[in-house]
Amino acid sequence: MPFYNPKELINWINTSTDRLKINGCIMRFFHIEMFPHTMTASPKQEFLRGIKDCSPMLIGLLPWAIILGVQGGQKGMSWLEMMLMTGMNFAGGSEFAAVDLWTHPLPILLIAGVTFMINSRHILMGAAYAPYMKNAPMKKVLPSLFFMCDESWALGLAEAQKRKAAGLGGFNFAYYGSTCFIMYTTWILFASIGAAVGPMFGDVAAWGFGMAFPAVFLVIMRGLWKSFSAVRPWFVSLIVAAITCLSIDGPWYVPAGALSGLLTAYLLGAQE
């Protein structure tokens with residue numbers, strides 16, 4: 001059908017029964033342009049994309065892993081003990097606490113209790129993944145949660161939210177798995193190296209590497225930022241954790257911050 005002016009074309013689109021087909025073609029076109037990786041990428045391509053996305057975070061991860069290893073080596077830990085601890089626990093905050101408590105004989109119950117309290121935040125992190133993993137088999141879910149760390153969790157959650165916005169179901173295990181892989185292997189390797197060379201160094205904290213890890217968390221928070229109202233539970237958690245840290249000895253500020261943030265999110269959600 002020929003059109004001699006734009007008005008005829010517009011009228012035809014608005015009145016024709018074929019407009020649904022046209023709109024569908026337009027939506028599919030823009031959907032592919034906006035989310036090309038989710039439509040055509042293979043699992044291998046998604047795996048490589050995950051490595052690429054998490055690579056900048058290694059700038060903060062590497063010195064922190066070395067500091068953990070050096071401090072462990074100065075406490076008498078061997079590189080093998082460091083490798084086993086970081087491989088079986090894989091949670092930086094609790095590992096630093098364990099190294100700080102590392103004496104002979106080992107206070108095993110104390111280290112286990114402190115580790116549990118510090119790692120309690122993973123309960124909330126896993127709950128955030130529940131809507132996206134609810135239809136996945138447990139043989140995929142359980143290993144994914146075991147290898148989860150703060151950085152891979154943030155990247156995986158952001159990817160899941162993008163897929164949801166694009167109208168795609170399921171969790172991108174290939175993308176998430178690659179972020180876990182690179183974080184896990186890098187952390188264990190450089191922490192073990194740090195433990196092996198630790199006795200050769202003095203106070204590594206004086207080198208200023210300690211700022212690298214907080215900088216990574218600031219980047220993560222910025223990437224997940226939507227609006228102030230959405231992050232109100234974060235600020236409540238921060239304030240409660242800071243007050244608890246200043247007033248009570250021990251790592252009680254971790255569960256206090258986590259529980260206060262969870263309660264705030266629940267109350268705000270009930271009001272809305």
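Close-up 1. With a relative accessibility of 19%, F173 counts as buried, because the category takes in residues under 20% relative accessible area. This view, like those that follow, is drawn from a predicted model. The ring of F173 pairs with that of F171, the two centres lying 5.0 Å apart, and the pair is edge-to-face because the planes stand at 70°. F171 is itself counted as buried, given its relative accessibility of 10%. F171 also forms an aromatic pair with Y176, again edge-to-face, at 5.4 Å centre to centre and with 70° between the planes. Y176 is buried, as F171 is.

**Close-up 2. The aromatic cluster of F90, F146, F147 and Y184.** These four residues, F90, F146, F147 and Y184, form one aromatic cluster. Across the model, the count of aromatic pairs comes to 9.

**Close-up 3. Helix α7 and the elements that cover it.** Helix α7 spans residues 92-100 and is largely enclosed by the rest of the structure, because 7 of its 9 residues are buried. The buried residues of α7 are G92, S94, E95, F96, A97, A98 and V99. Among the elements covering these buried residues are α5 (58-74), α6 (79-89), α8 (108-118) and α12 (173-197).

Close-up 4. C149 counts as buried, because its relative accessibility is 9%, whereas C245, at 42% relative accessibility, counts as partly exposed.

**Close-up 5. A nonpolar surface patch that includes F235.** The side chains of F228, W234, F235, L238, I239 and I243 form a nonpolar patch on the surface, and together these residues have about 620 Å² of accessible area. F235, one of the members of this patch, is placed in helix α14, which runs over residues 232-247. F235 counts as partly exposed, because its relative accessibility is 33%. In an α-helix there are 3.6 residues a turn, so residues three or four places apart point the same way.

Notes
Residues numbered from 1 in each chain as written. Predicted model: local features only at pLDDT ≥ 70, side-chain atom pairs only at ≥ 80, totals over all residues. Heavy atoms only, no water. Patch = residues over 30% accessible without salt bridge, like charges linked within 9 Å, V, L, I, M, F, W, Y side chains within 5 Å. Areas by Shrake-Rupley, 256 points an atom, 1.4 Å probe, with all protein chains shown as cover. Salt bridge = Lys/Arg side-chain N within 4 Å of Asp/Glu carboxyl O. Helix = DSSP H or I, 4+ residues; strand = E, 2+ residues; numbered from the N terminus. Buried < 20%, exposed > 50% of the residue type's maximum accessible area, 1.4 Å probe, protein only. Phe/Tyr/Trp six-rings, centres within 6.5 Å; stacked < 30°, edge-to-face > 60°. Contact = heavy atoms within 4.5 Å.
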